[in-house]
Amino acid sequence: MSTPARQADGQVIAYPIGDKLYLNITDRCTLTCAFCPKHRDTGPVVHQYDLTLHHRPDVGEILAAVGDAARWQEVVFCGFGEPTLRLKVLLEVARAVKARGGRVRINTDGLANRVHKRNVLPEMAGLIDSLSVSLNAQDEATYVRHCRPQLPGSWPALLDFLAQAPRYVPEVTATAIDGLEGVDIEACARLANELGVNFRRRILDEVG
Ligand code: SF4
């Protein structure tokens, strides 16, 4: 299934890849990843989609870009930014997508509780079907080296988020990118298992 990206004001808010629709709602990040494609010469481009945002879309613009949510296998919050930084907008959109019969996933850095200074997971219950959380390392030193978090205490906050998430969200998967120096994928998988969540190995620059 392939349709053009849904644009508003000349910017891509929703972009289809296969049978999933991805939502690009912010370009702000909590991390400053050393491997981030956003900072390369090509800019924030995924497949053929330029995800540069000139302004942050509001709920109405995002829902207009989504259209019929039920036609997609999944509607995924995922751009070159951390979607939970716009938590209120994200949850409003998720509520509407669910009401339209869609399934909702967030691809996240897992730092929402650290950023918002409260446990936001109960607010996701019933609205978010799946979380894909960037674990990206088996220990704090490796995490800090590659992900360069802006907030102190990010690593323990990420682990705590992962451990708590399955109580509120049916499907929780930690991910790590294979091929980053010092990242031990097997150890990442063991850590995810200890935290009680699934694990998926990712390939650098591959959206999913
Ligand atoms: S979280 Fe994603 S968009 Fe943000 S800095 Fe890291 S790789 Fe780049």
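Helices (H or I, at least four residues) and strands (E, at least two) are DSSP runs, numbered from the N terminus. The structure is a predicted model, in which local features need pLDDT of at least 70, side-chain atom pairs count only at pLDDT 80 or more, and totals for chains, interfaces and linings use all residues. Residues are numbered from 1 along each chain as its sequence is written, and side-chain values use heavy atoms, with hydrogens and water left out.

**View A. Asn136 and Arg148, two residues with positive phi.** Asn136 lies in the loop between E8 and H5, and its phi is about 70 degrees although it is not a glycine. Asn136 is buried, at a relative accessible area of 3% (buried means under 20% relative accessible area, exposed over 50%, partly exposed in between; 1.4 Å probe, protein chains only). Arg148, in the loop between H5 and H6, has a phi near 45 degrees and is partly exposed, with a relative accessible area of 40%. Most residues other than glycine have a negative phi.

**View B. Helix H6 (residues 154-164), mostly covered.** Of the 11 residues of H6, 8 are buried; among them are Trp155, Leu158, Phe161 and Leu162. The buried residues of H6 pack against helices H3 (112-116), H4 (121-124), H5 (140-147) and H7 (185-195), as well as E8 and E9 (contact means heavy atoms within 4.5 Å).

**View C. The largest nonpolar core, with 61 residues.** A nonpolar core is a set of buried Ala, Val, Leu, Ile, Met, Phe, Trp, Tyr and Cys residues joined through side-chain atoms within 4.5 Å. Leu23, Met124, Ile128 and Leu131 touch the most other members. Helix H2 (residues 87-99) gives the most to this core, with 8 residues. Leaving aside neighbours within four places in sequence, the contacts of Leu23 include Ile13, Ile62, Val76, Phe77 and Val93.

**View D. The shell around the ligand.** By class, the shell has 6 nonpolar, 1 polar and no charged residues (Ala, Val, Leu, Ile, Met, Phe, Trp, Tyr, Cys and Pro count as nonpolar, Asp, Glu, Lys and Arg as charged, and the others, Gly among them, as polar).

Note on methods. Near = heavy atom within 4 Å.
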